[in-house]
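Hi,

Here is the structure I promised to send over. Have a look at it first, and my notes follow below.

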Amino acid sequence: MTEFPKTPPRFSATFTPAVNAEIRRAAASGIYDIRGGGAKRQLPHFDDLLFLGASISRYPLEGYREKCATDVWLGTRFAKKPIHLEIPITIAGMSFGALSGPAKEALGRGATAAGTSTTTGDGGMTEEERGHSKTLVYQYLPSRYGMNPDDLRRADAIEVVVGQGAKPGGGGMLLGQKISDRVANMRNLPKGIDQRSACRHPDWTGPDDLEIKIMEIREITDWEKPIYVKIGGARPYYDTALAVKAGADVVVLDGMQGGTAATQDVFIEHVGMPILACIPQAVKALQDLGMHRKVQLIVSGGIRSGADVAKAMALGADAVSIGTAAMIALGDNDPIWEEEYQKLGTTANAYDDWHEGRDPAGITTQDPELSKRFDPVLGGRRLKNYLKVMTLEAQTIARACGKNHLHNLEPEDLCSLTIEASAMAGVPLAGTNWIPGRNGGF
Amino acid sequence: MQTFDLGKEGLRALNSSLHALKGQTNMTAWEVINPKGAHAIAAGVDAPVDITVRGSTGYYCAGMNKLATIRIKGSAGPGVAENMMSGTVIIDGDASQYAGATGRGGLLVIKGNASSRCGISMKGIDIVVHGSIGHMSCFMAQSGNMVVLGDAGEALGDSLYEARLFVRGSVKSLGADCVEKEMRPEHIALLSDLLKRGEADGKARPEEFKRYGSARKL
């Protein structure tokens, strides 16, 4: 009998081995997957944009000899004491609770050495962080854990958090394993129980209330502090416009690649928009209101290099913010801990069970033994180095585009590699003058 | 007595004068006239002074109060005494939504009724309401005590943590994870003290109240 070749095994593009594994995990446990980090799926991103560089029509600046400034003012609209940073790369809010005390200290050390700001998080302000951060932004969150007027007054700016990119519409989560005595005390919660932060602020709803809330915070702090409003990338045109209307000095816009300490995987991967799609809408809202550069725009969510910084700024941002990248600079997910990652059933660069508090690198944990592994002085130095490299990279690109300040980068310096990125970022597809959808709205 | 005409001098001048009172001062008695529903009246005070507001207030009166005693001789708008740290706030009339939200300490007394979300996310404050409270009150309340001489609206104590709720009248419905609990002698003693401090001891007896708390199942 003739043997015909068999059809080779064919995997489904829909039911991939990873999808099937998750179905089996869900079927066995009945529990949805919680993890840290931001969206892991492939998304249109800054990698889909390129700089054009100088040519005959515009000339470049000399790489090392000609000035390319990097400083940024934040909070110039209403605050008596606006912030002036040496570099336009800030450290995003990450809570004490999600991160260890020494990790927060390292963020303060690194940011201060690099001339930029750090931000508190859902757990309140720690002494480590305040003490080591020259410029500290204090988050005003729905949970109000640890919120008090003294910390408001010793902050350099206040960030009213409406949402974050990893989970627009969602509240925080800190599982019981990480609620140590100190964390519990700062949050007024019993030790060891799972904590779910509210997704809405307790004492205001909607933009009209937000305006009054911002006015109250300004009154409490005697109109000294810049007030930021942080939004997740959902409806950036309207949210930016409403934040401006409510009186924000600065809008912080976080795309879906932005990380979280712990949230449902389904939320992280399926809610929100990539930062590339968010920036042009926010910039347009500011321009339509005549407030671009008057209300500053900080963007975050997947910023990794000086190229990303330059691209975000060319699209109209005043500054960027980094969270995940800062953690990696500190030592998160480093292959030197591979053996221990393996024991946790994962591998370096893929570890995202931060909520379990067993981080081999000692960063996303409250375990005193694991925390000891992390040296805040060394961590701070690594972060400073990384911030310096990003700044130099962004300057390299800006000079090549003939710009003597990072803020002079503009959309005309960019082209896009894909139709998707072109449509989202509003810059022409490389080699064409075509921006999809430009004749039909933005 | 320092009399401050809010209509003439404005909110910024009022709050800035009150913020200038640090620690001990002999200017302990203040009166604010013509409040006319302004927002953020006496927000962020940090001194043991006595402030009487002669009229009704807008949003966030006495927000983040520390040490001061603030008396509102009228009704209070949303978020009165929000995030209060210490001191006392006494409202002669009614209070709008989110009264005492996220309060961390001190005593809030509402002699009339309180609207929805009274004591939302409270974190250590004591609240005594002589009248009734609206729906979703004490949502995610973490710690502190809520005393209601009247009735409570729907979904009382939804997603409650460790706050103690005492209601004398009816409760329209309990929120997720909120259950009635036994009144033990220590609760009677606590309630008796709260009623006294809340200027309600002549109006109700501790034995008339029921206690509600977290089932700790969420």
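What is the strand order in the open sheet of eight strands in chain A? The order is E5-E15-E14-E12-E11-E8-E7-E6, with parallel pairing (strands are DSSP runs of at least two residues, E, and helices are runs of at least four, H or I, numbered from the N terminus; two strands pair if DSSP finds at least two bridges between them). E5(A) (89–91) and E6(A) (117–119) stand at the edges with a single partner strand each, so one side of each has no neighbour in the sheet.

Before I go on, this is a predicted model: local features need pLDDT of at least 70, side-chain atom pairs count only at pLDDT 80 or more, and totals for chains, interfaces and linings use all residues. Residues are numbered from 1 along each chain as its sequence is written, and chains are lettered from A and ligands numbered from 1 in the order in which they are written.

Now for chain B. In helix H3(B), Leu191(B), Leu194(B) and Leu195(B) are buried (20 or more other C-beta atoms within 10 Å of a residue's own; exposed is 12 or fewer, partly exposed in between, with C-beta atoms placed from the backbone). Looking down the axis of H3(B), the buried residues fall within an arc of 100°, taken from the directions from axis to C-beta atoms, so they line one face of the helix. The face turned away from that side carries the exposed Pro185(B), Glu186(B), Ala189(B) and Lys196(B). Just after H3(B), Glu199(B) takes a positive phi of about 55°.

Cheers
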